[in-house]
Amino acid sequence: MSRTTDNSLTRHLHGGPGRTWKARAWAELETARARVLRMLSGLPEHVLMNQHSPLMSPLIWDVAHVANYEEQWLLRALGAPALTDPAFDAIYDAFQHPRRTRAMLPLLPPESAFAYAARVREAVRAHLADHVPEDSEAPLLVGGYVFGMVAQHEQQHAETLAATLQLMTDVEYRIVSPRPHPRPVPVSRQPVFISGGTARLGSESPWAYDNEKPAHAREVAPFLLDAHPVTNGDYLAFVESGGYDDARWWHPKGWDFVRAEQLRHPQFWLPQQGGRWLRRRFGRVEPLPSNEPVQHVCWYEADAYARWAGRRLPTEAEWETAARGTDGVAREHPWGDDVPTHAHANLGGDGWGPALLGSHPEGVSRDGVWGLLGDVWEWTASDFQPYAGFRAYPYREYSEVFFGDGYKVLRGGAWASAPVAVRNGFRNWDYPIRRQIFAGFRCASEV
C-alpha cells in the first residue's frame, strides 16, 4: 500500500475536529470485521463448513457473503475494478439460495474465504483513501451512506453467526473473555404511562435504511407500556399455568404452530424434575435466570403471553413513541443522541446474553422506560409495511420484497446487535414463527 493511502486514512481516523464521515466509516468497517474474526477464531474447518441447522447457513458462507457484498457496493459500485468474476456473486446471493441449500454450493473453504475478505477490505481501504471524495454529492456517498450500509450489513451477519453458534448441538462454543454485565439496581415493575399525541416516527439520519424513511408525524393515543421486557420468571408463570395447552391465548395460526411443533416452552429451555428449569446457552447447560429478559420466543408466543396477562403487544408506532419520548425532541436513542456505550445498553455481542433488569440506568428513556435498546429484540403487534412515501433504495431486496402481513416488526436490537445497527427508528422484521433469533417482548395496554 502506498504511503499516501496510509497517511490519508490515518489523518481521517485520528483527526480531531476535522474527523469526517470517512473516519466513522472506516472505524465501523474495522469494528465489524474484528468482531467476525474474533467470533470464528479457533473453530475447526468442519465446524465452519457444516450446516448446523437448516435455518442457518454454514458459518463460512456468511464470511464470503459479507466480503462479496462489500466488493459489490464499496468497490464496483464506486468505480473500482472487480476483484472476482461477477458470476461468483451468485454463490453468495441470499435470494438465489435459501439457507437450507447453501452447504451444497461450491463454497470457498475457510482459508480462502478469510483471504478473500481480507483482500476486499484492503482494496476498499485504498479506494476510500484515494478515490472517494469526502464532499461527493453522489447519492451513495452523501454522508458515507453506502459505507454505513455495508458496516451495518456485516454486523447484522455477526448477529446471525451468533444465532448459528447457539443452534450448534455437535460442539460446545467457547466464549472467550465475555464482558461482565453491570451490577443491576433495584427497579419498579409498574407500567409506564405514555401520553401519546403527535409522535415523530421514522428517520432521516444519514445511515438510516429505506424502510425507516421518510420521517413523519402520526397521532398515537395514550397507553401503558411495561417499564422492562418480560423476564424468564414472568414467562415461566405462563408456562407452568398451562399456557401452551390453552387455545384461548393463541392466535389460530399460532395454536396450529404450537401443536404441530409440540412446543411447551421457549427454545433452549430444559425442564427438570422437581420444577427446576435449565437452559442451553452456546452448548453449555446452566440454571435459568429468572430476572433476565426472556429470549428465543416467537411472535405467537409473545402474543399468547400478552393475552394471558390481560394485555397486548405494543404497535411499532407505540414502541417508537416510547423510545423517542413524548416531548417532541427527535432523539436518535432513548437517552438522547449520544452514541450507545455499555453504560447505556447491552449491545455489541461481547456480553453474550441479556443483562438482568436494572443493569443500564443511563439508558432509560425520558418517560422512564428501561432497556428499549439492547438485550432482546422486541416483537411488536405490527406487520412490516412501508411508510407513506417509501422509496426503495439502493435495492428493492433490502426491504420492499418483504412488505406484507407475512412478517412482524421487531424493535430495539438485542445483546448481539451492534451499536451502529440500532436506533429509535430502526425496523427489523421476521416470520412470526422465528424462535432462534434473540427476540423477547414487553406488553402494553390501554389507559
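I started with W308, which at 28% relative accessibility counts as partly exposed. My cut-offs are under 20% relative accessible area for buried, over 50% for exposed and in between for partly exposed, with a 1.4 Å probe and protein chains only. A note on the model: it is predicted, so local features need pLDDT of at least 70 and side-chain atom pairs pLDDT 80 or more, while totals for chains, interfaces and linings use all residues. Residues are numbered from 1 along each chain as its sequence is written, and side-chain values use heavy atoms, with hydrogens and water left out.

**Entry 1: helix 9**

I found W308 together with Y305 in helix 9 (residues 299-308), 3 residues apart, or about one turn of the helix. Helices here are DSSP runs of H or I with at least four residues, strands are E runs of at least two, and both are numbered from the N terminus. An α-helix has 3.6 residues a turn, so residues three or four places apart point the same way. Y305 counts as buried, at 9% relative accessibility.

I then searched the whole structure for aromatic pairs and got 40. In the one I checked, the ring centres of Y305 and W308 lie 5.4 Å apart and the planes meet at 50°, so this pair is tilted. For the record, rings of Phe, Tyr and Trp (its six-membered ring) pair with centres within 6.5 Å; planes under 30 degrees apart are stacked, over 60 edge-to-face and the rest tilted.

How much of helix 9 is buried? I count 8 of its 10 residues, so the helix is largely enclosed by the rest of the structure. Among these buried residues are W299, E301 and D303. Their packing partners are helix 7 (232-240), helix 8 (252-261), strand 8 and strand 9, with contact taken as heavy atoms within 4.5 Å. After helix 9 comes G310, with a positive phi near 75°.

**Entry 2**

Next I followed strand 9 (residues 404-411), which is mostly covered, with 6 of its 8 residues buried. Strand 8 (residues 377-384) runs antiparallel to strand 9 and is joined to it by 4 bridges; F384 sits opposite G404. Strand 10 (residues 428-430) also pairs with strand 9 in the antiparallel sense, over 3 bridges, and there K408 faces D430. I call two strands paired if DSSP finds at least two bridges between them.

**Entry 3: the 5-6-7 sheet**

I also looked up an open sheet of 3 strands in the order 5-6-7, with antiparallel pairing. Strand 5 (269-271) and strand 7 (284-287) are the edges; each has a single partner strand, so one side of each lacks a neighbour in the sheet. Neighbouring strands are turned by 35° against each other on average, direction ignored. Strand 6 (residues 277-281) is joined to strand 7 by 4 bridges, and R281 stands opposite R284.

**Entry 4: helices 4 and 6**

Helix 4 (residues 59-75) packs on helix 6 (residues 145-167) at about 175°, with axes 10 Å apart. That makes the two roughly antiparallel, the word for angles over 145 degrees. Axes are lines fitted to C-alpha atoms over the stretch in contact, and angles run from 0 to 180 degrees between N-to-C directions.

**Entry 5: P180**

Last, P180 lies in the loop between helix 6 and strand 1 (192-194). P180 is exposed, at 66% relative accessible area. From P180 to A355 I get 9.1 Å, C-alpha to C-alpha, across 175 residues of sequence.

Methods. Angles under 35 degrees count as roughly parallel, over 145 as roughly antiparallel, 65 to 115 as roughly perpendicular and the rest as oblique.
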